[in-house]
Amino acid sequence: MTGKCRLPDTYTLIVAEKPKAAARIALALGGRRASKCTYNGVPYWILQAENGGIVIGSAAGHLFGIRPLGKGFPIFTYEWAPRFEVEKKSQHIRKFYDTLRMLAGRASAYINACDYDIEGSLIGYMIIEAFGEPRKAYRMKFSSLTEEELVEAYRRVGEIDLRMVEAGRCRHELDWLWGINVSRALMLSLRRATGQWRVLSAGRVQSPTLAAAVERDMQRRLFVPLPLFTLKVQVEIDGKAYSLEYMGGVFETRGEAEKARSALRKAGTLRVVDASSRRMLEQPPPAFNLGDLQMEASRIYGLSPYKTQRIAEQLYLNALISYPRTNSQKLPSTLNYAGILGRLKEINDYGRLIDTLLEETGGKLKPRQGRKDDPAHPAIYPTGRKPGKLGRDEWRIYDLIVRRFMAAFSKPHVYLRETVIFNAAGMRFRLSGLRIVEEGWRRYYYFKKHREKVIPRLRIGDEVKIRKLGISMTYTKPPQAYTKASLVKWMENVGIGTEATRARITEILFERKYLSTGPRGAVESTDLGINVYGFLKEFFPDLVEVDLTRRFEEYMEQIKKGEVSREKVLGEAKSVLTSLIEAFKPRMGEAGVQLGKSLGLIKPVRKCPICGKESSPDNIYGFCQHHSKALRELRKAEAEWMRRAGIRGVRYARMISRMSLAGRWIREVAGYLSSRGT
DNA sequence: GCAAGGTC
Ligand SMILES: [Zn+2]
């Protein structure tokens, strides 16, 4: 270390959460006077201010983690230790750790400048506690990394936020206590019953997510479609055929549909009672937050949310896009939009499009802002830096972000919704057309298809002849399957996990083989998943509820306000866990047998003739519990099928067994019954 | 080996 990289005799060490933030802080406080240095490849900055030296170093997220003290179950003893000692995969942390230790050794004061939330407070404090002196610690508070805000935050640097630190520690420790203990309960149960060891897990975020996925999949597997009838009316206008939509919806029974059809047949013609055209505006979508990006990448390219996230993180590290782990749909007003668009013009694909955008807006660049916000980061936007060679999927994600950014400045998409309403025999029918007036933002972000449909001009009083008239039988539809992306969206909507963890945590459920994906990315539950969910609901019901996160959040708020101590909250959690575990222990083996059976490790006493799993004692065919349930659902729906369509018995069973809309267990049971003629 | 949360 010579010259500009020699540490000043006295200096304040500013600890940032990540190198990119450290760079922004150095730039804001020192401008060109800040010298960038490296130690083991980790950057830090030195600058001389009026009131002494400043050194800016960086963490890389959490440098400390929890490890158990001792063995066994339950386990309530643990300690905080360097991350690279706790997790093998965290070796890259070491060089950040070493650099901060080196920088902290000779500092005379410390400023925690990590993100202003409980995690950031903890990250910075643990470093200062380990390498420095908490008595000389201060806190910088800011919600964005703009120069003005950083300068102001430094000027107003305050006392260290010990309560925030306590809340952060408490959150980690609570998650650890619940997660590790209940995961061990699962694994020990299985081992007690089968002698086998296998990784199983449960946690505050993953388990409610498992519950949501299993519940939805069960509804689908047990779904019996019911018949519905609609009128199919085709008219001829100027020699062209058009299909009309019956505005009364659907008929439940064939009888009602037939009555309507004969009335219509008698009328023979339809009279136009209303013809209108409505101008519709579709506002531009706001710039992406991570969840929206993951949803769109899944919808358009079939990319999993985790893959999308990893790509976005890489684009961010290559300075092509802003910070991606954000919930915000808002672009900062301080951003130089014209500058970014000007640089994006250099990229072939966007040159002409950006010309159009600048012309269209007349240079007035005001983005559409979304509703969702984030305490520390704006929506995702391109930096304008020209990308090198990107892979196919990398380009796709980058392109989505750029186009969505452009679209945010554009005008509404305008179209005409044309509607003609017909009447005959007291029934109403509709013919709808769509004409695009102005492409607007869809010119830039064209991934949502909008099809034009031309319909003839008609006036009130016009009569048209019915050309074809029929009844078609349709069916009620099962609830939509989750995809990985919609499961992540579900987590976002109920407020569990964070941008950084949601996709990763859903992947854990697939890794554990609790869930799998079927056709078109449909999330399906496995037998193991269903049984792990059953286990948790029975012995640790708190853990499958989203509400546990709400309770955690309330505790953290109370700790932040100083209304309750970390020790008190942890003490309560331990006592709740202790009593749940005491109730669970005597039934550990029995619970393990269920898990063992779901994995095929324990032979059933009596086999379900359909799937070979353990028979349910109350079922005359010897079906397992799932197929017994399916049988009950099938019987329940039979009366309804008879009433609506006059179908029952073997014909009913045969029909259902071939319907792809019917749930899998339902089809299997129907197939079994129809092959036996019952 | 088990969680969830930071970031590389
Ligand atoms: Zn079965």
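**Zinc site and strand pairing in a predicted model**

Colleague: Why is Cys611 called partly exposed?
Modeller: Cys611 has a relative accessibility of 32%, and since buried means under 20% relative accessible area and exposed over 50%, with partly exposed in between (1.4 Å probe, protein chains only), Cys611 counts as partly exposed. This is a predicted model, in which local features need pLDDT of at least 70 and side-chain atom pairs pLDDT 80 or more, while totals for chains, interfaces and linings use all residues. Residues are numbered from 1 along each chain as written, chains are lettered from A and ligands numbered from 1 in written order, and side-chain values use heavy atoms, without hydrogens or water.

Colleague: And what makes Cys608 buried?
Modeller: The relative accessible area of Cys608 is 3%, so Cys608 is buried.

Colleague: How do you know which atoms coordinate the zinc ion?
Modeller: Cys608 (SG), Cys611 (SG), Cys624 (SG) and His627 (ND1) lie at 2.0 to 2.4 Å from the zinc ion, and donors are N, O and S atoms within 2.8 Å of the metal (3.2 Å for Na, K and Ca). Along the chain these donors follow the spacing C-x2-C-x12-C-x2-H.

Colleague: Why is the site of the zinc ion called tetrahedral?
Modeller: The angles among its 4 donor atoms are 96 to 122°, and four donors count as tetrahedral if all angles lie between 85 and 135 degrees, so the site is tetrahedral.

Colleague: What makes strands E11 and E14 a pair?
Modeller: Strand E11 (residues 240-246) and strand E14 (residues 427-438) share 2 bridges in the antiparallel sense, and pairing requires DSSP to find at least two, so they pair. Tyr246 has Phe429 in E14 as its bridge partner.

Terms used
Helices (H or I, at least four residues) and strands (E, at least two) are DSSP runs, numbered from the N terminus. Four donors count as tetrahedral if all angles lie between 85 and 135 degrees; four count as square planar and six as octahedral if opposite donors are over 155 degrees apart and all others between 65 and 115; anything else is irregular.
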